[in-house]
Amino acid sequence: MAARNRSFVLWLHGLGDSGPANEPIRTFFAAPEFRHTKWAFPSAPNSPVSCNNGAVMPSWFDIHELPLSPGSPQDESGVLKAVENVHAMIDREVAGGIHPDNIFVCGFSQGGALTLASVLLYPKTLGGGAVFSGWVPFGSSVIERISPEARKTPILWSHGIADQVVLFEAGQAGPPFLQSAGISCEFKAYPNLGHSIAKEELSSLEAWIKGRLKALQDKQS
């Protein structure tokens, strides 16, 4: 099988969740374009979480307070450490023959924030990053670390207007941040949606990835 026909989707779960619990998501991606797609649903390590009074649970990095707002303090060092682990997962797939253009990182809530950080700081252009109910997990100083190739990776951002865990305003802060870095972002707001993933969001993600894969195939033909 030609490497260009293969793709990889990495899904990063939210705080307190697990990779296996999110595996049913792949059933929404039954189109022929996904017949050569490899999926990965890793689980975060167990760590104490400040916003839950130090309780130990699956967490990619520390979260200091909930609900999350645009001014919430961030665990930047923890985020950057988690990014290294995500990059190692991506590097393994690239070494296995999957082109970076065909790699998509997606995540919900804390996993969405990690998705954003991971694709922005990866040295190569990826197929895309999809952020669901996420936020920008670091300050503007990180923009200087984003490579020219990473700035070409598009972002799909979805957020429920009724989200009371990661406030909608925290999601809204994402596109201006990305715009300041010269990064393309498609932002979708979902009225009446709280802190969860709707079928409409997954349908949108499926169409977005299909469109990206087709565009990349047309570019190579």
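This is a predicted model: local features need pLDDT of at least 70, side-chain atom pairs count only at pLDDT 80 or more; totals for chains, interfaces and linings use all residues.

Trainee: What makes strand 6 (residues 128-132) largely enclosed by the rest of the structure?

Mentor: Buried means under 20% relative accessible area, and five of the five residues of strand 6 are buried, so the strand counts as largely enclosed. Look at the faces too: G128, A130 and F132 are buried on one side, G129 and V131 on the other.

Trainee: How do you know that strand 6 pairs with strand 5 (residues 103-108) and with strand 7 (residues 155-160)?

Mentor: Pairing takes at least two bridges. Strand 5 is joined to strand 6 by five bridges, and strand 6 to strand 7 by four, so both count as pairs. Each pairing is parallel. V131 stands opposite G107 in one and opposite W157 in the other.

Trainee: Why is the F29 and F34 pair called edge-to-face?

Mentor: Planes over 60 degrees apart get that name. Theirs are at 75 degrees, with ring centres 5.3 Å apart, so edge-to-face it is. Both F29 and F34 are buried.

Trainee: And why is the pair of F138 and F177 called tilted?

Mentor: Its planes are 35 degrees apart; stacked needs under 30 and edge-to-face over 60, so the pair falls in the remaining class, tilted. The centres are 6.1 Å apart, and the limit for a pair is within 6.5 Å.

Trainee: What makes that pair a tie between separate parts?

Mentor: F138 lies in the loop between strand 6 and strand 7 and F177 in helix 4 (residues 174-180), so the pair ties together parts 39 residues apart in sequence.

Terms used: Residues are numbered from 1 along each chain as its sequence is written. Side-chain values use heavy atoms; hydrogens and water are left out. Buried means under 20% relative accessible area, exposed over 50%, partly exposed in between (1.4 Å probe, protein chains only). Helices (H or I, at least four residues) and strands (E, at least two) are DSSP runs, numbered from the N terminus. Rings of Phe, Tyr and Trp (its six-membered ring) pair if their centres lie within 6.5 Å; planes under 30 degrees apart count as stacked, over 60 as edge-to-face and the rest as tilted.
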